[in-house]
Structures are given as structure tokens and as C-alpha cells.
Amino acid sequence: MSNDLPTPDYARNMRIIAHCDQGGRPDGVQIMVHRGYAYIGHMFSKGFMPVAGGGIHRIWHTGGDWAYLSALLDGFTDYILMTVDMRDPAHPREAGRYWIPGMNAAAGETPSWPATSRYGLHHAIIDGDTAYAAWRDAGMVVIDVSDRTRPKLITHRNWSPPFGGGTHNCLPLPNRDLLLALDEAVLDHQEDGLKLIWVFDNRTKANPVSISTFPTPAEADYVRRGGHFGPHNLHENRPGSFVSSELIFATYQNAGVRAFDIRDPYRPNEVGALVPPAPARMMDHRPNRARVIQSADVFVDAAGLLYCTDYNAGLYIIEFNG
């Protein structure tokens, strides 16, 4: 952990209180904080635990009998939803599957979408018996998982086209009957279009209606700065972490991490931001990459501290004082 703290390029109502290069492997992406430890997935250095094959992308398991996986299985065109019975945690077993029709190539299904579109599950967030699944270029898929052996569709909403797709998180806010959907920017210089965080009225689960979008950072020309500019990830209100349906935290890649007040869901308002400085060295070894930050994931602990990863610059711990 560094005592010589980096100076942010931009900060409003946030300050860096610690920075860590993760033992010389600063390429952090997904982060979970639990009982005083941060568990971080890596982008390029491959971490500390090798995993063969396509396998699992992300998991939703907050304790209890069931886990929900995005799984890349033989015979399917991309990641699908798998429910897993955890009642015997030493012997977890598959319970059920859900996929968009057209994904099961082994069964003779053929895609109805363009070859340039990626229909694959990023991951699902579970509220009770409902899975809110971010299905990349297929948008948001809402699934009834009351029978874990036979998940079934409630509704499917897709706004790509005209928007650029890449849905990464679908976060229910059940105490307010709201739902957030974040579209990930996946190309440099906004070549995949302006990506947004959408607010839905979710009073009718079978008919979520978009009512607003979060404002896009505009205090600098982030499109010209290079790298990816736009949303990547939301803090997901996991049990034991900071939980709020009014204050939302999200990463914006080369525009750092942002806080939004959505007490008025029709007018989300940015109330905090921090853009770390350019990385000292690049972990991204792909050719012609800009030396810019790429804030990836954010986790907010129960005390309100932000843990923000960057796949070139390591882990930032940030205090929000808005």
C-alpha cells in the first residue's frame, strides 16, 4: 500500500485515501471486499489461480442454497444463465439453464441476430425469485427463477439498435420499484456510440419502462483522451456492502469513478467524481494502447469506502464526502 498518494486529474467530493499496486500486478478488474480482504480478478497477469477453458464469467451468490452463473458451455454460442444447487456446498450441482432462443447451436438453433452483435450473458443480479440479466448486445432479460430447475422468461428489453449494446449490469432497486441498466463502452473513442446508464420504472415487472438516463461526464474531452470512455460497472448493493437506492456509484473507464443522486429518478444528478492520474506503466500489452486510466469496477463497503480497480493502475481506495 503506497504512502505517497497519487494526485487525481479531477476530483469533486471524493479523495484518494490509499493506493495499491496489488503486489506488482496492478491490472485489476472485478473486486469483492469481504471481512477485511479484497478479492480481485486480473485482466492480463492472470492472477494467482489458473482456470482452463471458457468456464464461468461472473457469479451471483450471496449465501443460501442457490448460485447463479454466467457459463460458457459446449454447444452454445456464448454465455448463458446456469442455476446451481449449493445445498451441499462440497458438491454443488447444476439445477437449470436459461438462454435466448438461437444460442443452443448443438440443438440445431440458429441466431436471429446479426453476426456483429454479441448475444451473451454478462451476469445476472437476483432479487427474490427474479433474475435481472445483462445480456450484452441483447440488452436486459428478466427471468423467473422461482423454479430453479426451469427458469422462464418474464420479459426481454433491447435498445440496440439504435444504441450500441453491451449491457453489463441490471440492478433492481426493489424498495423504490426502480431498475438500472448499464451499457458498457467497449471500443476506443466512443466508436461503439454513446453508452448510458438507464433508469427504468419497474412497478410492472413484465413491462419495465425507461424514464431517464444518468448524465455523461463532460468536464473534459474524454473521447479524445483515448481508451474507453463510458460506463463499465455499478456497485451492486450486495448484502454486507453499502446498500442504497438513492446514491449510486459507477465507473466510467477513462473518466474515473462517479457518484449519482437518484432521489428524483427522472433527473439523476452527479454528486461526486474522481479521475486518477495516468498509470505509471502499462499492463495492457495490446498494440497502440493510450496511456490512460481505465477504471473498471467499484465496490463500496458498509462504511462507505470505495474500492476502485483500474486494469493498468491498481487499486484505489476512495472516500466520498458529498
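Trainee: How many aromatic pairs does the structure hold?

Mentor: The structure holds twelve aromatic pairs. Rings of Phe, Tyr and Trp (its six-membered ring) pair if their centres lie within 6.5 Å; planes under 30 degrees apart count as stacked, over 60 as edge-to-face and the rest as tilted. Before we go on: this is a predicted model, where local features need pLDDT of at least 70, side-chain atom pairs count only at pLDDT 80 or more, and totals for chains, interfaces and linings use all residues. Residues are numbered from 1 along each chain as its sequence is written, and side-chain values use heavy atoms, with hydrogens and water left out.

Trainee: OK, what does the pair W159 and W198 look like?

Mentor: That aromatic pair is tilted, with 5.7 Å centre to centre and 50° between the planes. W159 lies in the loop between β12 (152–157) and β13 (167–173) and W198 in strand β15 (residues 197–201), so the pair ties together parts that are 39 residues apart in sequence. Strands here are DSSP runs (E, at least two residues), numbered from the N terminus.

Trainee: Are W159 and W198 buried or exposed?

Mentor: Both W159 and W198 are buried, meaning under 20% relative accessible area with a 1.4 Å probe, protein chains only. Ring pairs also link W159 and W198 with F163 and F200 into a cluster.

Trainee: And what about F242 and F249?

Mentor: Their ring centres are 5.9 Å apart and their planes at 75°, so that pair is edge-to-face. F242 and F249 are both buried.

Trainee: Switching topic: in what order do the strands of the open sheet come?

Mentor: Four strands form it, in the order β5-β6-β7-β8, with antiparallel pairing. Two strands pair if DSSP finds at least two bridges between them. β5 (55–60) and β8 (93–98) are at the edges with a single partner strand each, so one side of each has no neighbour in the sheet.

Trainee: How many bridges join β6 and β7?

Mentor: Six bridges, between β6 (residues 66–72) and β7 (residues 80–85). There, W66 stands opposite D85 in β7.

Trainee: Last one: which strands each supply at least two residues of the lining of the largest cavity?

Mentor: Those are β3 (28–34), β17 (229–234) and β21 (295–300). Among the lining residues are Q30, M32, L234 and F299. A cavity is a set of points on a 1 Å grid over the protein atoms alone where a 1.4 Å probe fits but cannot get out, and lining residues have an atom within 4 Å of a point.

Key. Buried < 20%, exposed > 50% of the residue type's maximum accessible area, 1.4 Å probe, protein only. 1 Å grid on protein atoms, 1.4 Å probe; cavity = no way out; pocket = protein on both sides within 12 Å on 5 of 7 lines; lining within 4 Å.
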